[in-house]
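Please open the model in your viewer, with the sequence panel beside it, and follow the stops below in order.

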Amino acid sequence: EYTLSGCAPEFALWSFVDLGYLTYYTTYGIATGQIKAEAGQKFVAGRMGEYEITKDPTRDAGLRVLMGPFSVYNKDNVETGGATQAEPAAAPAAAATGDVVKAEKGKAVKMTLLPKFLGIAVFDEANQGAQEAHKELENPEELVFTGPTAEKSVEGQIETVTNAPTQGQKAIMISNNSGDQIVPAPKAAKEAGLSVVTWDSPIPSAEGEDVFIAQVDFDQTGQVMADMALNIMGADGGKFAILSASPDAANQNAWIKAMQEALKDAKYSKLELLEIVYGNDQSEESYNQALALVDKYPDMKLIMAPTSVGIVAAAKAMTDEGLCDKVKISGLGLPSEMKEYTLSGCAPEFALWSFVDLGYLTYYTTYLLATGQMEAKEGVSFEAGRMGTYTIEKDPTRDNGLRVLMGPFSVYNKDNVGQ
């Protein structure tokens with residue numbers, strides 16, 4: 001009533017039906033001894049998919065399971081959805097889930113998955129997830145997985161996006177490694193009728209982009225990295241450096257900025273960030289940068305590498321040079337690549353999310369947009385196969401742009417890295 005009258009133009013809520021459902025599943029698992037109430041514990045909650053128990057960053061102590069997402073309501077959708085509204089007798093399911101877009105399978109649409117560059121394991125995993133969704137949605141067209149070399153990542157990405165319309169593509173999914181340099185290409189692609197979705201790393205200005213599929217909340221990434229640094233160096237703190245990918249990688253820059261913001265908290269007052277260096281997501285260059293940091297800062301205790309290439313290269317460098325007792329490694333990495341270094345104590349703790357799921361969710365979102373079944377608008381909810389329901393929202397980490405937030409983080413140590 002108040003929204004349609006204009007008195008309350010916009011408001012938000014989440015599904016309390018889903019909250020009760022997830023709460024019961026979690027409690028049942030704990031009470032029956034099937035899951036443990038400890039950070040890093042993953043479990044499947046029926047129709048809502050997989051969740052993970054994490055440290056609660058909003059309290060000094062405690063654990064949480066983060067549900068999400070919000071639904072934002074206005075005059076356009078206030079009458080169609082909301083799990084807290086009374087259920088019409090004829091359609092209880094619709095009332096429980098809101099107005100959720102469900103994919104019609106079998107639509108023919110040519111789509112391209114474009115990583116920052118080829119030859120990186122996490123991007124291969126993303127392609128695995130996208131191919132899974134491609135098969136599930138029965139798209140008769142081929143899903144193209146292509147990308148440039150690491151040495152020509154920026155110009156290669158721009159060239160691929162520029163050529164996509166002339167090659168008959170109807171959608172392109174970009175892990176952007178080109179900052180805002182890439183903007184003219186996706187803008188032209190959209191003008192030619194393509195859907196443009198970013199994943200893993202967005203277009204900073206959001207120009208030329210329909211929506212960004214965010215693996216995790218970027219502000220939370222900075223908090224997780226700050227917590228890992230504190231856990232590894234201890235209450236006495238110490239000096240550390242950051243080994244990043246490239247200066248133009250929007251996701252890396254946002255994570256580092258978020259970590260710098262987190263470090264302002266008194267909790268981290270004894271942690272000192274020395275320098276940020278770049279290995280351009282190339283193993284040899286990252287390896288050499290890690291060793292150069294050790295030479296430059298003899299009292300450095302930690303290298304934080306928020307890149308799956310950099311973290312492995314840094315851990316290998318410390319291992320090869322017998323420096324693991326002096327300098328520890330942390331950041332974002334694949335468990336399969338980090339297991340050796342975590343069990344040896346060289347990289348005691350690191351984090352990541354599922355790139356398979358990221359590719360799967362990216363494909364589902366893009367398919368719905370490219371086939372005209374869904375609009376890239378704030379408040380639109382859709383079903384993404386085995387991963388459940390998601391909602392498009394404003395991206396709070398950028399001045400403009402929309403996002404779909406996936407989550408969650410997994411933090412790995414010697415106790416769970418082999419699982």
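Which residues are linked with Glu132 in a network of salt bridges? Select Glu132, Asp357 and Arg386, and you will have the linked network on screen; a salt bridge here is a side-chain nitrogen of Lys or Arg within 4 Å of a carboxyl oxygen of Asp or Glu.

Before going on, note that this is a predicted model, in which local features need pLDDT of at least 70 and side-chain atom pairs count only at pLDDT 80 or more, while totals for chains, interfaces and linings use all residues. Residues are numbered from 1 along each chain as its sequence is written, and side-chain values use heavy atoms, with hydrogens and water left out.

**Salt bridges**

Side chains of opposite charge can pair when their charged atoms come close. By the rule above, the count comes to 17 salt bridges, and three further pairs can be selected one after another.

Select Glu393 and Arg403 first, whose closest N and O atoms are 2.6 Å apart. Glu393 belongs to strand β20 (residues 393–394) and Arg403 to strand β21, so the pair ties together parts that are 10 residues apart in sequence; helices (H or I, at least four residues) and strands (E, at least two) are DSSP runs, numbered from the N terminus. Glu393 is buried, at a relative accessible area of 16%, and Arg403 is buried too, at 5%. Buried means under 20% relative accessible area, exposed over 50%, and partly exposed in between, with a 1.4 Å probe and protein chains only.

Next select Lys239 and Asp299, whose side chains meet in a salt bridge with an N to O distance of 2.8 Å. This pair links distant parts of the chain, 60 residues apart, with Lys239 in strand β13 (residues 238–244) and Asp299 in the loop between α8 (283–296) and β15 (300–305). Lys239 is partly exposed, with a relative accessible area of 27%, and Asp299 is also partly exposed, with 42%.

Then move to Glu104 and Lys107, where the N to O distance of the salt bridge is 3.8 Å. Glu104 counts as partly exposed at 45% relative accessibility, as does Lys107 at 32%.

Where does the structure hold enclosed space? Select Val122, Gln252, Thr307, Ser308 and Phe355, which, of the 17 residues that line the largest cavity, are the closest to its centre. A cavity is defined on a 1 Å grid over the protein atoms alone, as a set of points where a 1.4 Å probe fits but cannot get out, whereas a pocket is an open set with protein on both sides within 12 Å along at least five of seven lines; lining residues have an atom within 4 Å of a point. About 150 Å³ of space lies in this cavity, a volume being the space filled by probe spheres set on the points, which are joined across faces, edges and corners.

Colouring by element shows α3 (121–136), α7 (250–262) and α9 (308–320) each supplying at least two lining residues, and α7 gives the most, with three. The lining divides into 10 nonpolar, four polar and three charged residues, where Ala, Val, Leu, Ile, Met, Phe, Trp, Tyr, Cys and Pro count as nonpolar, Asp, Glu, Lys and Arg as charged, and the others, Gly among them, as polar.

**The second largest pocket**

Select Ala39, Gly40, Thr54, Lys55 and Val411, which lie nearest the centre of the second largest pocket among its 35 lining residues. About 920 Å³ of space lies in this pocket. The elements β4 (54–55), α6 (218–233) and β22 (410–412) each supply at least two residues of its lining, and the largest share, seven residues, comes from α6. The lining divides into 12 nonpolar, 11 polar and 12 charged residues.

**Backbone stops**

Most residues other than glycine have a negative phi, and most peptide bonds are trans. Select Gly407 and Pro408, which are joined by a cis peptide bond with omega about -5 degrees; Pro408 lies in the loop between β21 (402–405) and β22.

Finally, select the loop between β11 (195–199) and β12 (211–214), where Asp200 lies. Phi of Asp200 is near 70 degrees, a positive value, and Asp200 is buried, with a relative accessible area of 2%. Ala206, placed in the loop between β11 and β12, has a positive phi of about 70 degrees and is buried at 11%.
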